[in-house]
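Reader: I'm new to looking at protein models. Could you walk me through how to read one, feature by feature?

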Amino acid sequence: MKSKKELYYAAILIFCIAILYYSLFYLRGKEYYLVSLAIILSGVILFLLNFEKRKPSASELTIISVMCALAVVSRIVFFFLPEVKPIAAVVIITGISLGAETGFITGAVSAFVSNFYFGQGSWTPFQMFALGLVGFFAGLIFQRIPVNKYSLSIYGVLSVVVLYGGIADINTLFFYAGENTWQAVCTVYGAGFLMNLVFGISTAVFLILLHKPVLNKLMRVKIKYELT
């Protein structure tokens, strides 16, 4: 059963990649709202697969809504510091405490909703998928390794710089670099590296500050309402 579920998860993530590929080469960055909604729908399906034969309770949906809202607000509140944002830290903590599936949908939804403030565009689906994966892999990895300030800091930096930056900057490469050559790749990723590094370091700092109080509260909520 577990291997079957993993196949479903892999199929959904591959579908998201295919959607992004289609948006690059066929839609050319247009219809990004439809692409964004397709990624959100994929996240919903991923989330529902976690419950197998039962439906998610109102308590479970409420806490996920709260974490999405917290992630969105955390990004907007720090608007005056372009790359210093707690949003990835909130998504990572959500993935650790509530599961990989919840981490993905929290990342995808929070990126989509917060971009109504920061601006929607062809970059939105890439940011959604990237931030969703940051939460998804946090849920998987921290099932196997201890949660402490060192492991969180390393994951926070690497996931943001490599995973988020690597995926989100694909949009810049295809739509704003003018040409897709190795020189353009080096230019785009080189220019984005410093910003992604600042984002990654700030994520590590926010994880160190937030992980104990927020994780403790989420664990109490899970026990009280018998959440998965």
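This is a predicted model: local features need pLDDT of at least 70, side-chain atom pairs count only at pLDDT 80 or more; totals for chains, interfaces and linings use all residues.

Reader: Which residues make the contact?

Author: On the α6 side you'll find, among them, Phe-126, Phe-129, Leu-133, Val-134 and Phe-137. From α7 come residues including Tyr-155, Leu-163, Ile-167 and Asn-171. Sort the residues of this α6 and α7 contact by kind and you get 15 nonpolar, three polar and no charged.

Reader: Okay, what about the nonpolar core? Which residues have the most contacts inside the largest one?

Author: Those are Ile-92, Phe-104 and Phe-129, in a core of 56 residues. The elements giving two or more residues to this core are α1 (2-25), α2 (32-49), α3 (58-77), α4 (87-98), α5, α6, α7 and α8 (182-225).

Reader: Now a single residue. Is Asn-115 buried or exposed?

Author: The idea is to look at relative accessible area, where under 20% means buried. Asn-115 has 1% relative accessibility, so it counts as buried. You'll find Asn-115 in helix α5 (residues 100-118).

Reader: What is Asn-115 in contact with?

Author: Setting aside neighbours within four places in sequence, Asn-115 contacts Arg-75, Gln-120, Trp-123, Thr-124 and Gln-127.

Reader: Last one: backbone angles. What should I look for?

Author: Most residues other than glycine have a negative phi. A positive value is worth a look, then. Arg-28 isn't a glycine, yet has a positive phi of about 55 degrees. Glu-31, also not a glycine, has a positive phi of about 55 degrees.

Reader: Where does Arg-28 lie? And where is the place of Glu-31?

Author: Arg-28 sits in the loop between α1 and α2, and Glu-31 is in the loop between α1 and α2 too. As for accessibility, Arg-28 is at 47%, so it counts as partly exposed. Glu-31 is partly exposed as well, with a relative accessible area of 47%.

Methods: Residues are numbered from 1 along each chain as its sequence is written. Side-chain values use heavy atoms; hydrogens and water are left out. Helices (H or I, at least four residues) and strands (E, at least two) are DSSP runs, numbered from the N terminus. Buried means under 20% relative accessible area, exposed over 50%, partly exposed in between (1.4 Å probe, protein chains only). Contact means heavy atoms within 4.5 Å. Ala, Val, Leu, Ile, Met, Phe, Trp, Tyr, Cys and Pro count as nonpolar, Asp, Glu, Lys and Arg as charged, and the others, Gly among them, as polar. A nonpolar core is a set of buried Ala, Val, Leu, Ile, Met, Phe, Trp, Tyr and Cys residues joined through side-chain atoms within 4.5 Å.
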